[in-house]
Amino acid sequence: MIHFAANTTYTLPILVHAAIPLTLILVYALVAIWGERKVAGFIQDRLGPMRVGGWHGWAQSIADLLKLLQKEDIVPHNASRFLFKFAPFMMFAASYAAFAVIPFSSAYIGSNINIGVFYLLAVTSLLTLSIIMAAWASNNKWSLLGGMRSAAQMVSYEVPTIATVLTVIVVAGSLNLMTVTEMQAGNDTLGFLPNWLIFQNPFLIVAFGIFFVSILAEAHRVPFDLPESESELVAGYQTEYSGIRWAMFMLAEYADMLLLSLLGAVLFFGGWNSPFGDFMGGPVWGFFWFMLKGLLLVFVMMWIRWTLPRYRVDQLMHICWSILIPLSFINLVLVALWEVIF
Amino acid sequence: MLYVFKEGWNTFKSIFTGMGITIRHFFGPSVTLQYPTEKMELPKGARAKLHVNIDDCIGCNLCARACPVNCIHIETVKATDDVDLGKTSTGNPKRFWLTQFDIDMAKCMYCDFCVHPCPTDCIYMVPEYEYSEVERTNLVYHFSNLEPAMVAEVKEKAEEEAERKKREREEKMRKQAEAKKKKEQAKKKEAENNGGDEKDDEKSSNPKKEDS
């Protein structure tokens, strides 16, 4: 990798490869924020944004973005200036960097390295750090409370996430997400189902349940949105942020949501594989199927957000440490046994 | 242990029940009305802006008297004999020029009391509620359709006619009084001649006093 950076002939390809996920994230964030408001509206029998741009207010998030860009960049008087300004960019960098190992289609993966999942989980841990950085640098007690909650939550929920990812790795036998996707090709399970991992082993369904709950907590989504909890902590670590820096947090959060959903799609739902075998296959259709699977999981996250109330801190910790972690480790052992026996 | 499983099952059941409810609403119809472009139809008898069909107004002033907040101001001028204002659509003859018919909607409290006394049903509430103004004076609605020049003319004419009628009446009364006097004198002469009835005399003297 180091000689890549030194060699200027590789600079352009690297930039292009880096720009593809970035474009995707930016477009996705605009669509997802609009979509979230639409989903919220429809679930509450409203319409959501309807005016900007004509058809169903599709340009609402663009208008919001333009507004945020024009806002004054305010730094609180007693805040730690450098950390305060740096935290949002670090948070976005953490979730953006993780997209490097996501196989978007059979033809495109940012970096085809053999420790893909490990890299992804390691890089997303930086999110915790950046949230604490933002919270502490704000010099605001509510922000700090939010940041502390976030740290506790993310550190705790990383354990069941990693344990369930490990169950998949036990079955797949590879840390490279491209390899994991390729081995899920075909439609042979029980004669008609796709060879996706979730259909291959009953314990992997349980693993997916645990994984989904954990990524809800990792992405700070309801019912585990304690770091923000706008009704009690006034948006938590984001309280003192405004304008473009706040927009970066929002972007990072939505990017993180997409990242974890796509990871779920790779690990359990066959990544870019078509559900109809070779029909509608190929790199372009692969990208379509992959995004469809990811966005469906994102939709379920939104759906849950507008259904369930928020957990208390102690309940959150109870769920993680005394239910999810034991369950995920027992599940890991059972999956391993299943793999040995069958 | 059994308790834990039971509770866990209940939790999952309630989560899926809740999600079922929300997805049903997701696909269900929305209750939002896109207000300025879509409007709800007002129910029958909704109380909103007052309107006067000035062609049907006979200037009876009943609505102004019924108003508890005095927001209706009516000024009428009697029509002269040479003009015929015609009839209302309900068949009542119109006898007054309506030189002023103002309703101050800023004062109006939408009690509907002015609507019911109207004999020709010419004052009523229209389903219109978007008439806010920056200036309060703009909320005074003028329903009279007479031009200021016309108003002056009509007033002048009416005054002239009233003057003329007054004079005519006075003339008539004087003539009547004279006629009565003559009659009485004639009667007296008769009475003197015949030594006639005293009761008749008293009777005829009573209306005399009323006239003066």
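This is a predicted model: local features need pLDDT of at least 70, side-chain atom pairs count only at pLDDT 80 or more; totals for chains, interfaces and linings use all residues.
Does B:Cys111 count as buried or exposed, and how many C-beta neighbours lie inside 10 Å?

**Stop 1: a cysteine in chain B**

Select B:Cys111, in the loop that joins β3 (96-104) to β4 (123-126) of chain B. B:Cys111 counts as exposed, because there are 12 C-beta neighbours inside 10 Å, and a residue with 12 or fewer falls in that class.

**Stop 2**

How many of its 47 residues are buried? The count is 1, so α3(B) is hardly covered.

**Stop 3: where the chains meet**

Next, show both chains and look at the contact between them. On the chain B side 12 residues take part, and on the chain A side 11. The chain B residues that touch chain A divide into 5 nonpolar and 7 polar, with no charged residue.

**Stop 4: helix α2 of chain A**

Move to chain A and select residues 11-43, helix α2. Its 33 residues reach 47 Å from first C-alpha to last, close to the 48 Å expected at 1.5 Å a residue. Colour its buried residues, among them A:Pro21, A:Ile25, A:Tyr28, A:Trp34, A:Phe42 and A:Ile43. The buried set also includes A:Glu36 and A:Lys38.

What covers these buried residues? Show α3 (60-70), α4 (81-98), α12 (243-268) and α13 (282-305) of chain A, and then α1 (2-27) of chain B, which are all included in the cover.

**Stop 5**

Follow the chain out of α2(A) to A:Asp45, in the loop between α2 and α3 of chain A. Phi of A:Asp45 is near 60 degrees, a positive value in a residue other than glycine. A:Asp45 is partly exposed, with 13 other C-beta atoms within 10 Å.

The loop between α2 and α3 of chain A also holds A:His56. Phi of A:His56 is positive too, near 45 degrees, and again the residue is not glycine. With 16 other C-beta atoms within 10 Å, A:His56 is partly exposed.

**Stop 6: two partners of α12**

Select α4 and α12 of chain A together. These helices pack at an angle of about 20 degrees, with their axes 8 Å apart. That makes α4(A) roughly parallel to α12(A), since angles under 35 degrees count as such. The crossing of α4(A) and α12(A) is left-handed. To see the contact, show side chains including A:Phe89, A:Met91 and A:Phe92 of α4(A) and A:Met248, A:Phe249 and A:Leu251 of α12(A). By class, the contact of α4(A) with α12(A) has 12 nonpolar, 1 polar and 2 charged residues.

The axes of α3(A) and α12(A) come within 6 Å and cross at roughly 135 degrees, so the two helices are oblique to each other. Here A:Leu65, A:Leu68 and A:Leu69 of α3(A) meet A:Gly243, A:Ile244, A:Trp246 and A:Ala247 of α12(A). The contact of α3(A) with α12(A) has 6 nonpolar residues, 1 polar and no charged.

**Stop 7: α7 beside α14**

Select residues 141-172 and 313-341 of chain A, which are helices α7 and α14. Their axes lie 9 Å apart and the packing angle is about 10 degrees, so α7(A) and α14(A) are roughly parallel. Their crossing is left-handed. The contact between them has 18 nonpolar, 6 polar and 2 charged residues.

**Stop 8: a buried proline**

Finish at A:Pro227, in the loop between α10 (202-218) and α11 (230-233) of chain A. A:Pro227 is buried, with 27 other C-beta atoms within 10 Å. Beyond its sequence neighbours within four places, the contacts of A:Pro227 include A:Ile131, A:Gly146, A:Gln153, A:His220 and A:Tyr237. A:Arg149 is another contact: its C-alpha is separated from that of A:Pro227 by 5.6 Å, although the two are 78 residues apart along the chain.

Terms used. Residues are numbered from 1 along each chain as its sequence is written. Chains are lettered from A and ligands numbered from 1 in the order in which they are written. Helices (H or I, at least four residues) and strands (E, at least two) are DSSP runs, numbered from the N terminus. The expected span of a helix is 1.5 Å times one less than its number of residues. A residue is buried if 20 or more other C-beta atoms lie within 10 Å of its own, exposed if 12 or fewer, and partly exposed in between; C-beta atoms are placed from the backbone. Two residues are in contact if their C-beta atoms, placed from the backbone, lie within 7 Å. Axes are lines fitted to C-alpha atoms, for helices over the stretch in contact, and angles run from 0 to 180 degrees between N-to-C directions. Angles under 35 degrees count as roughly parallel, over 145 as roughly antiparallel, 65 to 115 as roughly perpendicular and the rest as oblique. A crossing is left-handed if the near helix is turned anticlockwise from the far one by less than a right angle, and right-handed if clockwise. Ala, Val, Leu, Ile, Met, Phe, Trp, Tyr, Cys and Pro count as nonpolar, Asp, Glu, Lys and Arg as charged, and the others, Gly among them, as polar.
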